[in-house]
Structures are given as C-alpha cells and as structure tokens.
Amino acid sequence: MTAGQTYYLQSTAASTSLQRLGGRENKVNTTISFRIALKVTGVTDTLYNLEARYQSLEMIIKLPDTTLNMSSAMHVKPDTPSKIMTEIVDKPFTINMTAGGKVQSIKQLDEVITGAFSDFPSIDSLKKKRVANQFVQAFGEGAVKGLLEMGLAVMPTKPIVKFDRWALNSMISSPASARVHTDYQLADLTTDFYFIRAQGTITAEKSSKPFDLNGMPATYDLNGSLLDEIKIDVKTGWIVEIKLKQLIEENIQIADNPKVPGGMTVPMMFTTDMTVSGKQ
C-alpha cells in the first residue's frame, strides 16, 4: 500500500438462517452488500492510517411472507432504512492498520451509523435502538475489521514458498463471540498474486457473558467450519479476491424469565457465502 493511493473493497455476503422451534422451521435469507473506498493518508513505520468511506450499502431480507429491500441507491423512495443508508454513505471514518493487516483501531464508524438514526424521530425509540444495533452488526467497526483481517492478516511472519502451511487463531463477533482456528496453505504463487487456501473450525467463546434477547437473558453455544480462498496482490499487498463458505450451528439458551418460565433452547443454523473484490 502506498501513501496517497485509494484502495477499494466490494463485498457481498449471502446468508441463510434456519431456526427450529416447537417442530416448526423458520428460514430467513439475508444478502448484505457494500463498497468501501480506503485512502492511505499516512504511513508511520509499519502503521497505515486510512480514511475510509462507504460508497454504497444494500441489504435484502427474504422472510417467509415478504421481502425487504434496503439500498443507498433507493434514496428517492420514501423508505426509511434506505434513507438511513444514504446518511451513512460518504461519511469519513478512520482506520489504523499494521503492515501485516492487523486492524489496531477503527474510529467514528459506529457513531456515523447510530447518528444516522437521529434524523428520524418518528421511529419508536426501542425499535430504533434495535435496528441501529443490526446496522452496526452488519456495517459497523466489527464487520469492517473482520473483512480487512480476513484478507490481509493471514500471512505468516516468516518467508514462505509455494505449498507451505501455517495456522492462525482469531475471533469473530457475529452471530456470537467465538474462536476461529484456521489452517492455511500457499496453494500457488504467480507474478501477480498469492493464492491461499484455508479451512478452519469455529468454537464458542466460553467466557461469553449472557446477552439481552428481546428483554430475555440468553447465551450462545456454537460450533462451525469455514472454507476460504484468498488472492493477495504481490506488488501492493492488497486484496484481489476472497471467497468464503461458512457454516455455524448454534443453540440459543434462554434462561428462566417471566416471558419464558423455565427457559428454553432454540437450535439455529447459519450458512454464509461471501465474495470480496479489491478491484477498482
């Protein structure tokens, strides 16, 4: 990466969540797409300072009885979620990242997202908070950090040659806090890019604290797997392409509470196919 240059990421993730409850299945398909421009505003030793801006945002949610379409390109329509997306687009936020692709900090992005909801006083405050949290989860600092590190923080510190293998440990925060162990291999090396294949396992973070689920205390128990193909530009070190397949199975343990006396367990399964392009 070079000071003054602008780099781009276009991401599309198609996910399916399947919930089983009382002998019934509830399936929801969600597609989240966005494009980010990241300008290198400074380089200090091995630290890059980036000014980033969303250029577009889109979310499509297919429920059993309806489909919800939200897009920053639909701002002319009287659709509040789309209007909120237009409030997020082109607002600057900052990223500090090491030369090895580790994100040290992302600032102002979550504030930009939550601030976009302040211009819509007609939305019920509880609903506004819930939807704002969903937007932060989909487009906020955690999502951007995960995307960048998935493609950039994968190379080992030692020099490698074709067919070398290595392993890394990381964390994810969605759908719940979990540990990820990934085994990588440099499958190919051309004059243009490194081609890396990876497979990993996902296990629940045992120290995770109970969270609030619609006013009820709950915890997650999950495990999963992932397959990953990554291309990194040899000259710039930037992402060329990422293809990810991920499967997570989980049980949501709802504790005893007035709404659900005795508590209950809700089994769920998430599958995700993601593609990321770093082309301009």
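**Helices, core and strands**

Mentor: The buried residues of helix α1 pack against strand β3, strand β4 (67–71), helix α2 (109–115) and helix α3 (125–139). Please keep in mind that this is a predicted model, in which local features need pLDDT of at least 70 and side-chain atom pairs count only at pLDDT 80 or more, while totals for chains, interfaces and linings use all residues. Residues are numbered from 1 along each chain as its sequence is written, and side-chain values use heavy atoms, with hydrogens and water left out.

Trainee: Which are the buried residues of α1?

Mentor: In α1, which covers residues 80–88, they are Ser 82, Ile 84, Met 85 and Ile 88, where buried means under 20% relative accessible area, exposed means over 50% and partly exposed lies in between, with a 1.4 Å probe and protein chains only. Viewed down the axis of α1, these buried residues fall within an arc of 155°, so they line one face of the helix; the arc is that of the directions from the helix axis to the C-beta atoms. Helices (H or I, at least four residues) and strands (E, at least two) are DSSP runs, numbered from the N terminus.

Trainee: And what does Ile 88 touch?

Mentor: Not counting residues up to four places away in sequence, Ile 88 touches Tyr 54, Leu 57, Val 112, Ile 113, Ala 116 and Phe 135, with contact meaning heavy atoms within 4.5 Å. After α1 comes Asp 90, which has a positive phi near 70°.

Trainee: How many residues does the largest nonpolar core have?

Mentor: The largest nonpolar core has 73 residues, and those with the most contacts inside it are Leu 38, Tyr 54, Ile 88, Ile 95, Phe 139 and Leu 148. Strand β3, residues 47–62, gives the most to this core, with 7 residues. A nonpolar core here is a set of buried Ala, Val, Leu, Ile, Met, Phe, Trp, Tyr and Cys residues joined through side-chain atoms within 4.5 Å.

Trainee: Back to helices, then: which residues of α3 are buried?

Mentor: Those are Lys 128, Ala 132, Phe 135, Val 136, Ala 138 and Phe 139. Down the axis of α3 they fall within an arc of 165°, so they line one face of the helix, whereas Leu 126 and Lys 129, on the other side of α3, are exposed. The buried residues of α3 pack against β2, β3, α1, α2 and α4 (141–152).

Trainee: Changing topic, how many bridges join β1 to β2?

Mentor: Strand β1 (residues 6–21) and strand β2 (residues 24–44) run antiparallel and are joined by 16 bridges, two strands being paired if DSSP finds at least two bridges between them. Within that pairing Gln 19 stands opposite Asn 26 in β2, and in the hairpin, which has 2 residues between the strands, Gly 22 takes a positive phi near 60°.

Trainee: What about β2 and β3?

Mentor: They also run antiparallel, joined by 15 bridges, and Arg 35 has Ser 56 in β3 as its bridge partner. They form a hairpin with 2 residues between them, and Asp 45 in the turn has a positive phi of about 55°.

Trainee: Which strands pair with β13?

Mentor: β1 pairs with strand β13 (residues 264–277) in the antiparallel sense over 10 bridges, and strand β12 (residues 239–254) is joined to β13 by 14 bridges, again antiparallel. Thr 275 in β13 is the bridge partner of Thr 12, and Lys 243 stands opposite Thr 275 as well.

Trainee: Is Thr 272 buried or exposed?

Mentor: Thr 272, which lies in β13, is buried, with a relative accessible area of 14%. Its side chain makes a polar contact with the side chain of Ser 15 at 3.0 Å; a polar contact is a pair of N or O atoms within 3.5 Å, where within protein one must be able to donate a hydrogen and the other to accept it, and residues adjacent in sequence count only if both atoms are side-chain atoms.

Trainee: Last one: where is Lys 279, and what does it touch?

Mentor: Lys 279 is found in the segment after β13 and counts as exposed at 59% relative accessibility. Leaving aside residues up to four places away in sequence, Lys 279 touches Tyr 8, Arg 35 and Val 240.
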